[in-house]
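Please look through the sequence and the model below before reading on. The paragraphs that follow go from charged side chains to a pair of strands.

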Amino acid sequence: MQIEKRLRNHYRRWNINLNYEEEFLKFKNRLIGVIDKSMGDYLTERQDVDKRFFEIFNLDKADKPYVKKAQARYHDSLVEPLILQGVIQRLQSVSYTEKGFGDTYVYKCVDSCETLQDLAKVLQFIFWALEENFDETQARASKIVEEIKRLSALTPSAGFAVHKRGKQFIVYPSGDQFLDRGIIDSTLSELENYPEVAESFERALKLYLRGETSQYRNLLDELRFALEQLLKKVLKNQIPLEKQKKELKTWFRSKGLHPQVVNLYEGLLNPYHQYQNDAVKHNEAFSLDEVEFMIYLTGNLMRLILKLANLDRDGELRHDN
């Protein structure tokens, strides 16, 4: 059994409640170690990549305007009293050891993060900076992603997920690991053939990651739009979500789905659309506790569509109904 699992089981047995601040600090410090080990030397040598990261980082900051103000002036006469008192200053040469990861912008910005949202954002900036040199950084970036999965298991209350799509590494909020792996990760992987749908679904996940509850209405809108666009793409029509019932039922049956599964899907889709109208579109009456449920539900609804569509694309045979 992995030590991570043993540790989590120990916490459960002894009913140990972990402090979030402490968990976040553990996660951040371990992440710094991972980045150092995976690409610390690379960032030290490739200062252009480190500077590119800092440029992206600064784009997210509000620039402080320069305003004129009084400046201190130093005159030679101020030095005279020191000389008269016999004060002698020795000039000493200063030498430094070889630069390391701790001298990079990446380290300083990661170390300065105070919240999980800040840390996720800085990590995303790092991946963006690495994209321009994808061929030489892919292996290092993949290693970081692999280690983040392990770190998130050690500190489940302070972690996130990273998904690779083409040359992009995208940082997402982490929920239940089983659901994320089976629904979120798989859905994102298979949305590569539907970039518009992927962008909308990704925007929803990023809004959730930032934790800005004032933007949750937009988050739910993005989920609905993603599902609607996927159905239009797969079914090759321009019918809105609420009117896809007939076309979707015919398509499901052609794929050999059991009639009760078809009925179950329709039974979910109808109230899904009604919820979007009643609680989101015309009246912000949704509860914050519902948002994560809607993310997983949308992912699950899209997952079945994607699986059936991609099986057809791969030429695999389906059994007849």
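Is Glu222 buried or exposed? With a relative accessible area of 17%, Glu222 is buried, where buried stands for under 20% relative accessible area, exposed for over 50%, and partly exposed for what lies in between, found with a 1.4 Å probe and with protein chains only as cover. The model is a predicted one, in which local features need pLDDT of at least 70 and side-chain atom pairs count only at pLDDT 80 or more, while totals for chains, interfaces and linings use all residues. Residues are numbered from 1 along each chain as its sequence is written, and side-chain values use heavy atoms, with hydrogens and water left out.

Side chains of opposite charge can pair when their charged atoms come close. The structure contains 15 salt bridges, each being a side-chain nitrogen of Lys or Arg within 4 Å of a carboxyl oxygen of Asp or Glu. In one of them, Glu222 meets Arg203 at 3.0 Å, N to O. Because Arg203 lies in helix H9 (residues 195-210) and Glu222 in helix H10 (residues 216-235), the pair ties together parts that are 19 residues apart in sequence; helices here are DSSP runs of H or I with at least four residues, strands are runs of E with at least two, and both are numbered from the N terminus.

Elsewhere, Asp48 and Arg46 join their side chains in a salt bridge of 2.7 Å, N to O; Asp48 is partly exposed at 43%, and Arg46 is partly exposed at 23%. A network of salt bridges links Lys143, Glu146, Glu147 and Arg150.

The strands S1 (residues 160-165) and S2 (residues 168-173) give another view of the model. They pair in the antiparallel sense over six bridges, where pairing requires that DSSP finds at least two bridges between two strands. Phe160 has Pro173 in S2 as its bridge partner. Together S1 and S2 form a hairpin with two residues between them, and Gly166 in the turn has a positive phi of about 65°. Strand S1 is mostly covered, since five of its six residues are buried.
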